[in-house]
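Biologist: I am new to this structure and would like to learn how to read its aromatic rings and its core. Please take me through them step by step.
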Amino acid sequence: MRLSKSRYIQLIHIAKTQLAWDDELYRSILVTLTSKSSCKEMTVPELDRVLEHMKSKGFKPVSKKRGKGRNSPISRDRAPGEKTPLDKLRQTWIEMAHGGYLRDGSEQALLTWSKNQAKRFNRGVAVERLEWLDDSVLILLIEQLKKWYQRLVKQEELANG
């Protein structure tokens, strides 16, 4: 699985802490592996090389358990043909979160984003629950979220060369 540059940097800093490396040792290893003393200057393949080296030295990335699958608890048990527009909105949000494109991939963050966006499509009226939105508004939100997702992916591709 390919990670975003920011996710690699985050994992490398977690590994530095977990391995109890001081700054001098950390920087010397970066220079030895990539000829660069900062992760910010590195390309994704260089960051991957650093992370793999840290794993070989004992770093064990531990992910937070997020349930049984990639779907939200509300939509997890539905068959693919039974997915509603709300399920699709949640699924896109979850994919963005797992890709490292969101600071907060929680249901509450989705609700906050959706409420702010839906005001434009709902005659300026905010809703308190996503379930109260019409399917037409949910479809507009899905398309807006997908475009945002595509822009972020494109920006990352351009940044990584």
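This is a predicted model: local features need pLDDT of at least 70, side-chain atom pairs count only at pLDDT 80 or more; totals for chains, interfaces and linings use all residues.

Biologist: Is Trp148 buried, partly exposed or exposed?

Modeller: Trp148 has a relative accessible area of 25%, which makes this residue partly exposed. The cut-off for buried is under 20%.

Biologist: How do I read a pair of aromatic rings?

Modeller: Such a pair is described by the distance of the centres and the angle of the planes. Four aromatic pairs turn up in a search of the whole structure. In one of them, Trp93 and Trp113, the ring centres are 6.0 Å apart and the planes stand at 40 degrees, so this pair is tilted.

Biologist: Which parts of the chain does the pair of Trp93 and Trp113 tie together?

Modeller: Trp93 belongs to helix 4 (residues 85-98) and Trp113 to helix 5 (residues 107-121), so the parts tied together are 20 residues apart in sequence.

Biologist: What is the geometry of the pair formed by Trp113 and Trp148?

Modeller: That pair is stacked, with 6.1 Å centre to centre and 15 degrees between the planes. Trp113 in helix 5 is linked here to Trp148 in helix 6 (residues 135-160), and the two are 35 residues apart. Trp93, Trp113 and Trp148 together form one aromatic cluster.

Biologist: Which residues touch the most other members of the largest nonpolar core?

Modeller: They are Leu89, Trp93, Trp113, Leu133 and Leu141, in a core of 19 residues. Helix 4, helix 5 and helix 6 are the elements that give two or more residues to this core. Helix 6 provides the largest share, six residues.

Biologist: What is Leu89 in contact with, leaving aside its neighbours within four places in sequence?

Modeller: The contacts of Leu89 are Leu110, Trp113, Ser114, Leu138, Leu141, Ile142 and Leu145. There is also a second, separate core of 18 residues, and among them are Ile12, Ala15, Ile29 and Met42.

Biologist: Where does Lys16 lie relative to Tyr26?

Modeller: Lys16 is over the face of Tyr26, at 4.7 Å from the ring centre.

Methods
Residues are numbered from 1 along each chain as its sequence is written. Side-chain values use heavy atoms; hydrogens and water are left out. Rings of Phe, Tyr and Trp (its six-membered ring) pair if their centres lie within 6.5 Å; planes under 30 degrees apart count as stacked, over 60 as edge-to-face and the rest as tilted. Helices (H or I, at least four residues) and strands (E, at least two) are DSSP runs, numbered from the N terminus. Buried means under 20% relative accessible area, exposed over 50%, partly exposed in between (1.4 Å probe, protein chains only). A charge sits over a ring if NZ of Lys or CZ of Arg is within 6 Å of the ring centre and within 35 degrees of the ring normal. A nonpolar core is a set of buried Ala, Val, Leu, Ile, Met, Phe, Trp, Tyr and Cys residues joined through side-chain atoms within 4.5 Å. Contact means heavy atoms within 4.5 Å.
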